[in-house]
Amino acid sequence: MIRRWLFADQLGPHFLDAPRQPVLLIESKAVFRRRAFHRQKAHLVLSALRHRAAELGDQAIFLRTDTYGEALRKVSGEPLDVCHPTSRRAREFVQSLDGVTMLPPRGFATPPAEFVAWADERHGRLRMEDFYRDARRRHDVLMDGDAPAGGKWNLDTENRQPPPASGVEVPDPPMPVEDEIDEGVRADLDRWEREGIRFVGNDGPRVFPATRREALARLRHFVAHRLPAFGPYEDAMLSGDPWMAHSLLSAPMNLGLIDPLDAVHRAEAAYRSGAAPLSSVEGFVRQLIGWRDYIWHLYWYFDADYGGANGLRATRRVPAWFSALDADAVEAHCLSDVLAGVRDRGWVHHIPRLMVLGNYALQRGWRPADLVDWFHRSFVDGYEWVMTANVVGMSQYADLGAMTTKPYAAGGAYINRMSDYCRGCRYDPRSRLGVNACPYTAGYWAFLDRNRGRLRGNARLGQAMRQLDRIDDLPAVRAQERSRGDEAP
């Protein structure tokens, strides 16, 4: 068989055609010179790659070199094939090589041709909900004949509960036990730092699976013990519980250790057996064959310059305190806690990303392309394909609605309703003016005011725009937020 070149995010068995297929694995040090990645992300990727090499043994050639080109020269003359990479830069590199055949992508549910056919029929109206329903039908997931299980496609209304005062009572997810490979990775990263390679964030015990065995253990545990509570509180936030009932599977899935359809079928089996409620299972399924696949395909479907979209003319640079994950500089409880979660774990779940980090950046007018880079570098599950549409289109509304119907901007009332962050915070979520004015509440109205002309026609913002016109102290709010600028709140 032709030797299969596996990138470091293609590490599961579904990226091979046979158990004993010969493999090429490459660890490129130059990748870490180009950008300052989170220390724990660098550890996870290198640990996963080295563990896979150890598992494959003499089945694999494992080359640790400065660049991919240097490694490929060591195996020149041997034909290779490789599954479609996950970034444009990597794809262009593969296409430039002689003797390397690029195969269709794996690790996603919907093939590219099927997505393109679906998208082309929409004539520019690309909505995840439409794609998700189509994917449910195509893969026959949570379907009772031609109808969705339970009679509804989307159970979001059941999955938006605020956090319970006592917390979400589920067993903790199984955590990896580090071994000598992890020890070697940490020693190498320490040495690289001494050589001048920079990282962000704090080092710490590895939290996310680096092997398929670890990933499957976490998947099984989630389906058996945490999935039932996942749905109701998937949008809630608690300062003392970063995991809540989330699966913590995004990082191993984005490393290619888990096939998303396998996870979907296990979750559906839990519903069919009565072990998990439909609302939780539907929410989990929507994240995988809906949102995850949708974001992957949009990365390729949109033009290459989509990542530079900036329809709201947001031109301010990401400030140093945010870029450096300096949570201690922040007094706003929600932002401080979430930024600390990124600093200490390289991960927070999707609502803190969208409604705390992204919402704040949107209100302040930070450059979307800079934020794509920041999320890519700072999150253990962050890749260019993941973050481009998530940040540009959803979080920052920089494409003016190509993939969502409204900006995800909200004031302090939302954060107060969906979290415990506002208790004891020096800022009052009800106040938009004064020394105790919540930066989210004041920032929300300043954002709408600054973008009146660009957002006036958005039907979903009609009520907010009418309310904006009735705010008597709006000039003072504008002046206050200009004075606050980009200082840590």
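Trainee: Which way do the residues of strand 1 point?
Mentor: This is a predicted model, and in it Arg3 and Trp5 point one way from strand 1 (residues 3-6), while Arg4 and Leu6 point the other way. All of them are buried.

Trainee: Okay, and what does strand 1 pair with?
Mentor: Strand 4 (residues 80-83) pairs with strand 1 in the parallel sense, over three bridges. Strand 2 (residues 23-28) also runs parallel to strand 1, joined by three bridges.

Trainee: Which residues stand opposite Trp5 and Leu6?
Mentor: Trp5 has Val82 of strand 4 opposite, and Leu6 has Leu25 of strand 2.

Trainee: Switching to helices: how do helix 6 and helix 11 cross?
Mentor: Their axes come within 9 Å and cross at roughly 110 degrees. Angles of 65 to 115 degrees count as roughly perpendicular, so that's what helix 6 and helix 11 are to each other.

Trainee: What kinds of residues make that contact?
Mentor: By class, eight nonpolar, one polar and five charged. Among them are Phe131 and Tyr132 from helix 6, and Ile289 and Trp291 from helix 11.

Trainee: And how many residues are in the largest nonpolar core?
Mentor: It has 128 residues, and Leu227, Phe322, Leu335 and Leu357 have the most contacts inside it. Helix 11 (residues 278-301) gives the most to this core, with 12 residues.

Trainee: What does Phe322 touch, leaving aside its neighbours within four places in sequence?
Mentor: Phe322 is in contact with Leu335, Leu339, Leu357, Trp366, Leu371 and Trp374.

Conventions
Residues are numbered from 1 along each chain as its sequence is written. This is a predicted model: local features need pLDDT of at least 70, side-chain atom pairs count only at pLDDT 80 or more; totals for chains, interfaces and linings use all residues. Side-chain values use heavy atoms; hydrogens and water are left out. A nonpolar core is a set of buried Ala, Val, Leu, Ile, Met, Phe, Trp, Tyr and Cys residues joined through side-chain atoms within 4.5 Å. Buried means under 20% relative accessible area, exposed over 50%, partly exposed in between (1.4 Å probe, protein chains only). Helices (H or I, at least four residues) and strands (E, at least two) are DSSP runs, numbered from the N terminus. Contact means heavy atoms within 4.5 Å. Axes are lines fitted to C-alpha atoms, for helices over the stretch in contact, and angles run from 0 to 180 degrees between N-to-C directions. Angles under 35 degrees count as roughly parallel, over 145 as roughly antiparallel, 65 to 115 as roughly perpendicular and the rest as oblique. Ala, Val, Leu, Ile, Met, Phe, Trp, Tyr, Cys and Pro count as nonpolar, Asp, Glu, Lys and Arg as charged, and the others, Gly among them, as polar. Two strands pair if DSSP finds at least two bridges between them.
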